Amino acid sequence: MNDDIEKLNQELYLEAQAHNEEVKDSMLVATAYIAIGTRILRTVMDKKSYKRLMNNIVEEDVEPFNLNKTIN
């Protein structure tokens, strides 16, 4: 299963890179993938579990991303 997940992640990452090169907007591409992922989760989770997951994401205290650093 781990190999399947890694393979899928790599394929989706390469696809996302291609979309990013096409539209030149990383935020747009990332937001689209997040939207797709949350829609998929919503279809496989019960309403209470999905709501709890979304609340945990919203309430998570995360340091702001430093846009000045280069990511490899």
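Just after helix H1, Lys24 takes a positive phi of about 55°. The model is a predicted one, in which local features need pLDDT of at least 70 and side-chain atom pairs count only at pLDDT 80 or more, while totals for chains, interfaces and linings use all residues. Residues are numbered from 1 along each chain as its sequence is written, and side-chain values use heavy atoms, with hydrogens and water left out.

The helices named here are DSSP runs of H or I with at least four residues, numbered from the N terminus. H1, with 22 residues, reaches 31 Å from its first C-alpha to its last, close to the 32 Å expected at 1.5 Å a residue, where the expected span is 1.5 Å times one less than the number of residues. H2, with 19 residues, reaches 27 Å between its first and last C-alpha, close to the 27 Å expected. Its N-terminal end is capped by Asp25, whose side-chain oxygen lies 3.2 Å from the backbone nitrogen of Met27. For H3, residues 47–59, the end C-alpha atoms are 18 Å apart, which agrees with the 18 Å that its 13 residues should span at 1.5 Å a residue. Asp46 caps the N-terminal end of H3, with a side-chain oxygen 3.1 Å from the backbone nitrogen of Lys48.

The axes of H2 and H3, lines fitted to C-alpha atoms over the stretch in contact, with angles from 0 to 180 degrees between N-to-C directions, come within 8 Å and cross at roughly 150°. Here Thr38, Leu41 and Arg42 of H2 meet Lys47, Tyr50, Leu53 and Met54 of H3, contact meaning heavy atoms within 4.5 Å. By class, this contact has four nonpolar, one polar and two charged residues.

Elsewhere, the lining of the largest pocket includes Tyr13, Gln17, Met27 and Tyr33. The elements giving two or more residues to this lining are H1 (2–23) and H2 (26–44), and the largest share, seven residues, comes from H2.

Conventions:
On a 1 Å grid over the protein atoms alone, a cavity is a set of points where a 1.4 Å probe fits but cannot get out, and a pocket is an open set with protein on both sides within 12 Å along at least five of seven lines; lining residues have an atom within 4 Å of a point. A polar contact is a pair of N or O atoms within 3.5 Å; within protein, one must be able to donate a hydrogen and the other to accept it, and residues adjacent in sequence count only if both atoms are side-chain atoms. Ala, Val, Leu, Ile, Met, Phe, Trp, Tyr, Cys and Pro count as nonpolar, Asp, Glu, Lys and Arg as charged, and the others, Gly among them, as polar.
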